[in-house]
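Reader: Hey, I'm new to this one. Can you walk me through a few spots?
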Amino acid sequence: MQMTVQSDGAMIVLVDGETYAPPPYAPAWRREAFSAVLEAITTSLGTAVKVTVTEYDGARFTDIVMPSRAPTAHPVAPVSDPVPVMQAPPVPVQGHGFIAGEDVAIAPIIGYGSAAPDGQVNAVVAQDQIPANVQEMLLIGRVSGTMQLVRATP
């Protein structure tokens, strides 16, 4: 992967010699998006990436960037005598416009989902995780910054 930073802070990003463009309707890459770009690429590839950065003054540096680990669920200790519990059915929450593979926050922050290759996220939320009076949810892309207000449809 190659990143070239221009004097105005704009960045050109190449992955395997091909331009890696920002998502549709997103602003052009800038130096400020450096870590977000690295996160998006390593997450989508699922592997370490060798990065060469060339600054506008000609300075160059190279590093190996590892993908961040996806949050893992913490196992719950089993109860000695399980008691059957009536649970409300899960509530589907859908959004679109996210970067493939990025973590998408579901607010109130009750979990994370991952975007599919087409940028769509589908999450299933247990009704008991949503306060009774909440009818809208906010989806936030952790890499793209995409935010979408959606209705929770019980």
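This is a predicted model: local features need pLDDT of at least 70, side-chain atom pairs count only at pLDDT 80 or more; totals for chains, interfaces and linings use all residues.

Reader: Okay, and is A100 buried or exposed, or partly exposed?
Author: A100 counts as partly exposed, because its relative accessibility is 26% and that class covers values between 20% and 50%.

Reader: What does A100 touch, leaving out residues up to four places away in sequence?
Author: With those left out, A100 touches S44, A115, A116 and P117.

Reader: Switching topic: how many residues does helix α1 have?
Author: Twelve, covering residues 34–45. From first C-alpha to last, α1 reaches 17 Å, close to the expected 16 Å.

Reader: Which residues of α1 are buried?
Author: V37, L38, A40, I41 and T42.

Reader: What do those buried residues pack against?
Author: They pack against four strands: β1 (2–5), β2 (11–15), β4 and β5.

Reader: What comes just after α1?
Author: G46 is there, and it takes a positive phi of about 70°.

Reader: Last one: where is E55 found?
Author: E55 is in the loop between β4 (49–54) and β5 (60–65).

Reader: Is E55 buried or exposed?
Author: Buried, because its relative accessible area is 18% and the cut-off is under 20%. Not counting residues up to four places away in sequence, E55 touches V5, R31 and F61.

Conventions
Residues are numbered from 1 along each chain as its sequence is written. Side-chain values use heavy atoms; hydrogens and water are left out. Helices (H or I, at least four residues) and strands (E, at least two) are DSSP runs, numbered from the N terminus. Buried means under 20% relative accessible area, exposed over 50%, partly exposed in between (1.4 Å probe, protein chains only). Contact means heavy atoms within 4.5 Å. The expected span of a helix is 1.5 Å times one less than its number of residues.
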